[in-house]
Amino acid sequence: MKLAVAWGLLVPLLGTSLGAACVFFLKKGLGDRVQRGLTGFASGVMVAASIWSLLIPAMEQSAGAGVWAFLPAVIGFWAGILFLLGLDHLIPHLHQRSQQAEGPRTRLERSTMMVLAVTLHNIPEGMAVGVVYAGFLAGEGQITMTAALVLSLGIAIQNFPEGAIISMPLRAEGVGKVRAFAGGVLSGAVEPLGAGLTILAAGLVVPALPYLLSFAAGAMLYVVVEELIPEMSQGEHSNVGTLTFALGFTLMMALDVALG
C-alpha cells in the first residue's frame, strides 16, 4: 500500500517531465493558440479537482456538524487563498507574456523567474495530491485509493502541457535544451515534496483533514483565477482557451465521478 502511495505521489512529476521533454522533439516554440489551449485545459482540470476531489470531500467529512458542515471548508479555502497571496508577494517570479516581474526586486535571470512562476502554482497541486492520499491512509471512507489515483492522474495530465509551456519558452530565451528540460522538471519537483509534507502534517492532526483539503482547493483556485485564466484570455483566440477549459473540466469531473 505504501509503495502504491509513493508511486501515486510521483505520477504528477512524471507528467511534468514528459511535457518538458517536448523541448527535444519540437523545433519551434508553441504557438499562441496552442499555449492558450493548454493553459485553458490545465485550468479546467484544476477547477474540477478543487470541487470534486477536495471541497466536496471536505464538507462530507464535516457532515456531523450539521448546518455548520461548510465552516471547515470555508476556513481552509480562505487560508489557501491567503497562503498563495503571501507567496505571490514574497517570491520573485515572472509570468508568461509578461515583461514585468512580480514579488520583491531581484537580480535573478528571467529564465529562473519563469521557472519560479510555474513552481509557485505547483505547490498547491502537490498539497492537493498529498492531502487526498493522507485521507485515504487515515481510513476516511469518502476517499478511496482509486479516488486518490484519479487525482494524481488528473494533475499529471494537466502537468504535461505545463512542462512544455515552461521548457519551450526557456529554449526560445536561448537556454540549452538540457537546461530547459531540467527547468521544466524542476518546476514540478516541488509537487511530490509538498505532497509528502502534507501527508506528514495530516497524519499528525487527522481532524484537520477537512481544513487541509479545502486549503489545497483555495490555493489551486487562486492560481487559476490570478494567473491561468488571464493568460488564456489575453489577445486573440481567447475562445480556444475557453473551450479547452471546458474539456479539462469535464474530463477531470468524469474521471473523478466514474472512477473515484
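The crossing of helix 5 and helix 8 is right-handed, where right-handed means that the near helix is turned clockwise from the far one by less than a right angle, and left-handed that it is turned anticlockwise. This is a predicted model, in which local features need pLDDT of at least 70 and side-chain atom pairs count only at pLDDT 80 or more, while totals for chains, interfaces and linings use all residues. Residues are numbered from 1 along each chain as its sequence is written, and side-chain values use heavy atoms, with hydrogens and water left out.

**Overall make-up**

The protein has 8 helices and 0 strands, so that its elements read α-α-α-α-α-α-α-α from the N terminus on; helices (H or I, at least four residues) and strands (E, at least two) are DSSP runs, numbered from the N terminus. Of its 260 residues, 53% count as buried, a term for residues under 20% relative accessible area, with exposed meaning over 50% and partly exposed in between (1.4 Å probe, protein chains only). The accessible surface of the protein comes to about 11,800 Å², and 71% of that surface belongs to carbon and sulfur atoms, as computed by the Shrake-Rupley method with a 1.4 Å probe. Among contacts between residues at least 6 apart in sequence, 82% join residues at least 24 apart, a contact being heavy atoms within 4.5 Å.

**Helix pairs**

Axes here are lines fitted to C-alpha atoms, for helices over the stretch in contact, and angles run from 0 to 180 degrees between N-to-C directions. On the side of helix 5, the contact is formed by T146, V150, L151, G154 and I157, which meet L251, M252, L255, D256 and L259 in helix 8. By class, this contact of helix 5 with helix 8 has 7 nonpolar, 2 polar and 1 charged residues, where Ala, Val, Leu, Ile, Met, Phe, Trp, Tyr, Cys and Pro count as nonpolar, Asp, Glu, Lys and Arg as charged, and the others, Gly among them, as polar.

Helix 2 (residues 32–61) takes part in the next pair, with helix 7 (residues 209–233), and the two axes come within 9 Å and cross at roughly 160°. Helix 2 and helix 7 are therefore roughly antiparallel to each other, and helix 2 passes helix 7 in a left-handed crossing. The contact of helix 2 with helix 7 has 19 nonpolar, 7 polar and 2 charged residues.

Helix 2 also packs against helix 5, with axes that come within 9 Å and cross at roughly 155°, and these helices are therefore roughly antiparallel to each other. Helix 2 passes helix 5 in a left-handed crossing. Helix 2 contributes Q35, L38, T39, F41, A42, V45, M46, A49 and S53 to the contact, and helix 5 contributes L151, G154, I157, Q158, P161, E162 and I165. These residues divide into 10 nonpolar, 5 polar and 1 charged.

V131 is found in helix 4 (residues 110–137) and counts as buried because its relative accessibility is 0%. Leaving aside neighbours within four places in sequence, V131 is in contact with L54, T198, L209, L212, L213 and A216. G203, in helix 6 (residues 177–204), counts as exposed at 52% relative accessibility.

The table pairs each of these residues with a partner from elsewhere in the chain.

| Residue pair | Separation in sequence | C-alpha to C-alpha distance |
|---|---|---|
| V131 and L54 | 77 residues | 8.7 Å |
| G203 and G135 | 68 residues | 8.7 Å |
| A117 and I166 | 49 residues | 9.4 Å |
| T112 and P92 | 20 residues | 9.5 Å |

Terms used:
Angles under 35 degrees count as roughly parallel, over 145 as roughly antiparallel, 65 to 115 as roughly perpendicular and the rest as oblique.
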